[in-house]
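Here are my notes on this model, written with the structure open beside me. Have a look at it first, then read on.

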Amino acid sequence: IIQVLNGMIEIRAGGNQEALGTVVLYNASGMQIASSLVQGPYTKLNTRSLSNGIYVLRVGNSVSKIMLEN
């Protein structure tokens with residue numbers, strides 16, 4: 001489950017509550033902006049310093065497009 005609120009991206013595992021694994025944020029050009037290994041079922045990414053636009057978020061093997069409007 002992914003929510004974008006107030007300059008933050010909140011990421012939660014589904015009902016199984018397993019670790020999220022590797023979380024990577026890319027800009028529209030494909031450049032890696034942030035990366036972390038998340039051992040738990042929840043994390044937040046601070047996006048306040050990023051420009052508005054479309055980003056790609058990879059969580060484990062799942063990929064999602066994210067629209068940032070800070």
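1. Y26 sits opposite V56 of β6. Strand β3 (residues 21–26) and strand β6 (residues 53–59) are paired in the antiparallel sense, over four bridges. Here strands are DSSP runs (E, at least two residues), numbered from the N terminus, and two of them pair if DSSP finds at least two bridges between them.

2. Some ground rules, since this is a predicted model: local features need pLDDT of at least 70, side-chain atom pairs count only at pLDDT 80 or more, and totals for chains, interfaces and linings use all residues. Residues are numbered from 1 along each chain as its sequence is written, and side-chain values use heavy atoms, with hydrogens and water left out.

3. Do look at L57, in strand β6. L57 counts as buried because its relative accessibility is 0%, the cut-off being under 20% relative accessible area with a 1.4 Å probe, protein chains only. Beyond four places in sequence, its contacts (heavy atoms within 4.5 Å) include I9, I11, V23 and I66.

Notes: Buried < 20%, exposed > 50% of the residue type's maximum accessible area, 1.4 Å probe, protein only.
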